[in-house]
Amino acid sequence: MLAEQSHKNKQPAEFTQRANEALKHGCFTDAAAIMRQAVSSRPDHPDLLPLAIRTLIYVGAHREANHLLDRYAQLSSNDDRHRGLCAELYALVQRQAEAVEIYRALAVNGNRDARYNLGVNLLATGDLAEAEQVLEALIVEDPADAQAQLILSGLRRVTADRNHIERLQQALRSQRLPAMERVKLHYALGKEFEDIGEFDQAFRHFQLGADGRRGMLKYQVETDQKTLALIAGYHNSLEPIHTNAAVGQEAVFVFGLPRSGTTLVDRILSSHSRCDSFGEITDLPMSLMVMAGRSLPKEALVQETARWAPEAIASSYLGRLESFDSSAEKHIDKTPLNFLYAGLIARSMPGATMIWMERHPLDACFAMYKTLFKMGYPFSYSLEDLADYYIAYDRLKRHWQEMLGDRIRIQSYEKLVQDFDSEARALANTAGLDWEASCGEFHKNRSTVATASSAQVRQPLYQRAVGHWRNYEEQLTPLADALRAGGIELD
């Protein structure tokens, strides 16, 4: 009783301080336990809920996190600050419809952040016309809003008669523009010049944007090169393997480099009545970090996971999948960098499906180079870094192919879009699904898409991205030469 009373007397800041300290040391389970205790002792205190929800997500307690999030929405209904945080969390757990509802209410009073976030979440839900209207209104009010300009430019293909180029150039002329805002405008201009076929101008702006972003980072590609090589070195055997060959059969992993067609495959398969998608979740790497119980350097984590029991790895990850609210038989995890864990997946979840998207190296590299990612992929802002990373990536892919054979389906993006009917059917078969007509009409899928491809996958299949790099053949010559020197075939 005294202990219970002691917890009730604690201030919210005491709980959050302890939880944040635990998170700093990689003790995710401890942080979640602290915040569960906090919410239990102060159930109606909204200040505790954002961190409590996040810690539950970290440990994979998704159903519990969602229930707590709904409670948070009720408690914060009269507090705009908490409503904004609540909407942010709804978007984080891919419940964009709820986020839209909150942001729409907050935007009524002209709240600019709420209006911007409304536009972003409308894009994720596929309401492109309204998203365009919201973003356009923001830009009319403030042409220097580079983030809104960037997203608006990516919503649709512009034409020579209908584009935002002049407005973007005008915004770029401002001498007081912060460096990151300038970067965003360059990417937006690159995309619009590309749409109208002005490829020299497009590349110039992509390069200026990438150079600007690269200059803000302390990234060294050598670190990633070493990590990829370490993974191949330590994970060079399937032994021991989970004794139950069916374990993991509900999991469908779709991975590969970003912008390689992973979202397209995700939409094809998740359009099936027996399959859904959890999107780009972090549950596989997070399950390993939670199992480790503490912060570990990359090298130590690579070494340790190679020794872990496959049953423990499967139980940790699959338990997280079960915690999502879904009645489907198959669940897609479309996290591009899960290719790093192909060996772990194969030996711990022998029943899981693995689909590795492959695209022409120059198309794959350039597609990343011309994308300003929200986070991650720091190697994508330099052609030199891209070449070095791609060569290391390709070596790891070859290692997995040699070790795992047909346990992984290597899916060519080019083959998929050029021979869609047979390739899409083969993909469904690989995932243990019979073909349904809805899979061929993936662009009608109304579920949310929170990736850089969110607008593209709302369109019927197109082939214009195949061989797209040839529009920039001269500018990409140094990249092509470096890839060839690293043993990458480009012809």
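A residue is called buried under 20% relative accessible area, exposed over 50% and partly exposed in between (1.4 Å probe, protein chains only). By this criterion His 360 counts as buried, because its relative accessibility is 18%. The structure is a predicted model, in which local features need pLDDT of at least 70, side-chain atom pairs count only at pLDDT 80 or more, and totals for chains, interfaces and linings use all residues. Residues are numbered from 1 along each chain as its sequence is written, and side-chain values use heavy atoms, with hydrogens and water left out.

His 360 is found in the loop between strand E4 (353-358) and helix H20 (361-369); helices (H or I, at least four residues) and strands (E, at least two) are DSSP runs numbered from the N terminus. Leaving aside residues up to four places away in sequence, His 360 touches Glu 414, Trp 469 and Leu 490, a contact being heavy atoms within 4.5 Å. The C-alpha atom of His 360 is 8.3 Å from that of Val 466, 106 residues apart along the chain.

Aromatic pairs number 19 in the structure. Rings of Phe, Tyr and Trp (its six-membered ring) pair if their centres lie within 6.5 Å, and planes under 30 degrees apart count as stacked, over 60 as edge-to-face and the rest as tilted. Trp 356 and Tyr 393 form a tilted pair, 5.9 Å centre to centre with 55° between the planes. Trp 356 lies in strand E4 and Tyr 393 in helix H21 (residues 383-404), so the pair ties together parts 37 residues apart in sequence. Both Trp 356 and Tyr 393 are buried.
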